[in-house]
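Welcome, and thanks for taking a look at this structure.

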Amino acid sequence: MRHIISILLENESGALSRVSGLFSARGYNIESLTVAPTEDPSLSRMTVVSVGSDDIIEQITKQLNKLIDVVKVVDLSEAAHLERELMLVKVRATGKDREEMKRVADIFRGRIIDVTESTYVIELTGNTGKLDAFLGAIDTSLILETVRTGVCGIGRGDRILKV
Amino acid sequence: MQLTGAEIVIRCLQEEKVEHVFGYPGGSVLFIYDELFKQDQIKHVLVRHEQAAVHAADAYSRSSQKIGVCLVTSGPGVTNAVTGIATAYMDSVPMVVLTSQVPTAYIGQDAFQEADTVGITRPCVKHNFLVKDVRDLAATIKKAFFLAKTGRPGPVLVDIPKDITNQKCEFVYPKTIAMRSYNPIVKGHSGQIKKAVQLLLDAKRPMIYTGGGVILSDAADKLTKLVRMLGFPITQTLMGLGGYPGTDRQHLGMLGMHGTYEANMAMQHCDVLLAIGARFDDRVIGSPGHFSEVPRKIVHVDIDPSSISKRVKVDVPIVGNVPDVLDEIVKQLEAAEAKPDAKSLAAWWKDIEEWRGRNCLRYKQGDLIMPQYVVEKLYEVTGGDAFVASDVGQHQMWAAQYYKFDKPRRWINSGGLGTMGFGLPAAMGARFANPKATVACITGEGSVQMNIQELSTCKQFRLPIKIICLNNGYLGMVRQWQEMFHGNRYSESYVDALPDFVKLAEAYGHVGMRIDKPADVEGAFKEAFVKHKNELVFMDFRTNPTANVFPMIAAGRGLSEMILAEDL
């Protein structure tokens, strides 16, 4: 099953490689990984999306907690949560495709943030499924380039991950 | 007071009451060596290869309650040390590894003797640090000692660039360390312990299985008290030997791939299993699937939550420090009105005695020296009281099977990583930690050659280690597997062109002995341990080249699928 694991860790050089090294050394899967400092600059927050059985996810959270730089670990997918991913797509936008591309971007609440005579860059946020759906909805041959941030997530309501 | 980084390193070690540092100098570590030279509180042990420095520091920790410290230079000093660090990590041995690094400004420029130490060692340390500011140095070393010995112990490495060792700052050694990200649990959850006690009292076929955690946490006395109080059978892993007296009737011997018939059968057929400081690894329980075929309730006590339910699903997990948890179990048992079910226990012991009756460690001593016989004689001659370091292979298993350890920290071997070359430097470390003790190194002609250069260190420091080399001319464990699983194709397991170990020992200034006949074994030991008490003696025992280690469970098979010597 797919799990979203949120990690608060010391914002120190090497902390990221301790986490990524753990996943590769123990053969755990990473679908995506995002990391950035929090409002407290001494802490970073990381979101890892991984797929595995309950036993494996349990081991992953235990092994993460064992890392000295890791302060807290939460499996967001255990309860109600929100997840978002940002994608930038550069597409060919000429002739009749130009209007059609804008129309589809509007339907998905995307924004066109760069325009040239022949291309658009479309910015889109949402959960992974929505971004995949957008890519499915446009003509693949028109896609020049895509870049995605990977998932970041947060618990709903009173679920708070803080030191 | 303003001190240089190098002075700070020495002051920190003095604050930690470090008596010995095992190491090897080199370019980037020179300022630290200069400060070592100027003082006499800390004794430096100059090894002949960095791997040996780490193994010696590791065994120094294993054989005492002190923390081993080693010091090596950047680049090749570190890469040579990696095998030693990984060895300590796999067996959770507390240790502080100080490494020097090229100057800060050179890092990342492929400088002479530069290596990404923090990167290379990351997967085989509990934690590591690169010190980038001399003002962080003292606190970092304090953290290293704190991390190494608390929680699940392990090696911690501090990498110090050369320029940092020559910069000055005010020296303050922190008294305590608090880390928001590191708070190991000590006390076990009392509700969980209550459940465990109930299971133990209800058990019909109980079994206790203990590992290295008992040794590392110095819980041998408390364990012995609990086991005697319950009257249950106990088995210990390779790493746990000595945690409970090996000569006691309740002890069924070691379990696992080369464990005794009675220990493995009892482990497989018990209905309640109390696992303490052990981790159900592949060499211990074989196939987890086969192990789970027999239903049983498992209580697992361990300080590391990630060791629990990793290979085997556990019913009652108890995270905590072993001695604290054992205290609580004993307290609750004493308060409980119920007692263990004596009738079922008697029936269970009857089964066990039947299994024990198979006498699975029996062997025949013929014209050639049997390696088992050598270990048994060593046990007799040393009164079972020696510190025994071993290398890795058949001799290691025979040592574990036939030397009955009654006390903790006497049996020193590389269990997790299985590092050949561990034995001799480990014996050195054990002797430094226990300067009056009898120290033996049980090894093979393969393993001993992996760190043979340490005979020179032994001479320099007059270490009267007794090296018992079970020389069968083969990489014996490899040969055994080739015989059993690879159609007798002995691919590269015959070691041709062995040195004359007697002359080799003599060349290093030691005593060498060669023993070919079974009748000479005992006499040779007496000569080595009495006449040459204060000298290193290299005893080259020419043993039966085809002797194999039994019982044996083939890799991936189940605990009750043992091959016994009598089956062949």
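Helices and strands here are DSSP runs, a helix having at least four residues and a strand at least two, and they are numbered from the N terminus. With that in hand, we can say that H1(A) gives the second largest pocket the largest share of its lining, five residues. Please keep in mind that this is a predicted model. The predictor gives the complex an ipTM of 0.93 and a pTM of 0.96, and the mean pLDDT of chain B is 97, with 100% of its residues at 70 or more.

**Chain A at a glance**

- Chain A contains four helices and nine strands.
- Read from the N terminus, the order of its elements is β-α-β-β-α-β-β-α-β-β-α-β-β.
- Along the principal axes, the C-alpha atoms of chain A fill a box of roughly 55 × 35 × 35 Å.
- Of the 163 residues in chain A, 42% are buried.
- Take the contacts in chain A between residues at least 6 apart in sequence: 73% of them join residues at least 24 apart.

**The domains of chain B**

- Chain B is divided by the domain assignment into domain 1 (2-170), domain 2 (190-356) and domain 3 (371-549).
- Between domain 2 and domain 3 of chain B, the C-alpha centres are 31 Å apart.
- These two domains also touch: 17 residues of domain 2 of chain B are in contact with 19 residues of domain 3 of chain B.

**The second largest pocket**

- The second largest pocket holds about 1,300 Å³ of space.
- Its lining is made up of 43 residues, and those closest to the pocket centre are A:Gln63, A:Lys66, A:Leu67, B:Asp304 and B:Ser306.
- At least two lining residues come from each of helix H1 (15-25), helix H2 (54-66) and strand S4 (70-75) of chain A, and from helix H4 (76-90) of chain B.
- Two domains of chain B take part as well, since domain 1 (2-170) and domain 2 (190-356) each give the lining of this pocket at least three residues.
- Sorted by class, the lining of the second largest pocket has 20 nonpolar, 12 polar and 11 charged residues.

**The enclosed cavity**

- How many cavities of 30 Å³ or more are there? The count comes to one.
- The volume of the largest cavity is about 50 Å³.
- Residues lining the largest cavity include B:Gly256, B:Met257, B:Asp282 and B:Arg283, as well as B:Ile553, B:Ala554, B:Ala555 and B:Leu559.
- By class, seven residues of the lining of the largest cavity are nonpolar, three are polar and two are charged.

**Buried parts of chain B**

- Is helix H11 (residues 261-269) of chain B largely enclosed or largely open? Eight of its nine residues are buried, so helix H11 of chain B is largely enclosed by the rest of the structure.
- Those buried residues of H11(B) are B:Tyr261, B:Glu262, B:Ala263, B:Asn264, B:Met265, B:Ala266, B:Met267 and B:Gln268.
- B:Val301 sits in strand S13 (residues 297-302) of chain B, and B:Val301 counts as buried because its relative accessible area is 1%, under the 20% limit.
- Setting aside neighbours within four places in sequence, the contacts of B:Val301 are B:Leu274, B:Ala275, B:Ile276, B:Gly277, B:Ile318, B:Val322 and B:Val325.
- From B:Val301 to B:Leu536 there are 235 residues in sequence and 41 Å in space, C-alpha to C-alpha.

**Backbone details to look for**

- A:Arg109 is not a glycine, yet it has a positive phi of about 55°.
- You will find A:Arg109 in the loop between helix H3 (95-107) and strand S6 (111-115) of chain A, and its relative accessibility of 74% makes it exposed.
- B:Ala497, also not a glycine, has a positive phi of about 55°.
- The loop between helix H20 (476-485) and helix H21 (501-507) of chain B holds B:Ala497, which is exposed at a relative accessible area of 71%.
- B:Phe550 and B:Pro551 are joined by a cis peptide bond with an omega of about -5°.
- B:Pro551 belongs to the segment after strand S20 (537-542) of chain B.

Definitions and conventions
Residues are numbered from 1 along each chain as its sequence is written. Chains are lettered from A and ligands numbered from 1 in the order in which they are written. This is a predicted model: local features need pLDDT of at least 70, side-chain atom pairs count only at pLDDT 80 or more; totals for chains, interfaces and linings use all residues. Side-chain values use heavy atoms; hydrogens and water are left out. pLDDT is the predictor's confidence in each residue, from 0 to 100. Buried means under 20% relative accessible area, exposed over 50%, partly exposed in between (1.4 Å probe, protein chains only). On a 1 Å grid over the protein atoms alone, a cavity is a set of points where a 1.4 Å probe fits but cannot get out, and a pocket is an open set with protein on both sides within 12 Å along at least five of seven lines; lining residues have an atom within 4 Å of a point. Grid points are joined across faces, edges and corners, and a volume is the space filled by probe spheres set on the points. Ala, Val, Leu, Ile, Met, Phe, Trp, Tyr, Cys and Pro count as nonpolar, Asp, Glu, Lys and Arg as charged, and the others, Gly among them, as polar. Domain bounds come from an automatic or database domain assignment. Contact means heavy atoms within 4.5 Å.
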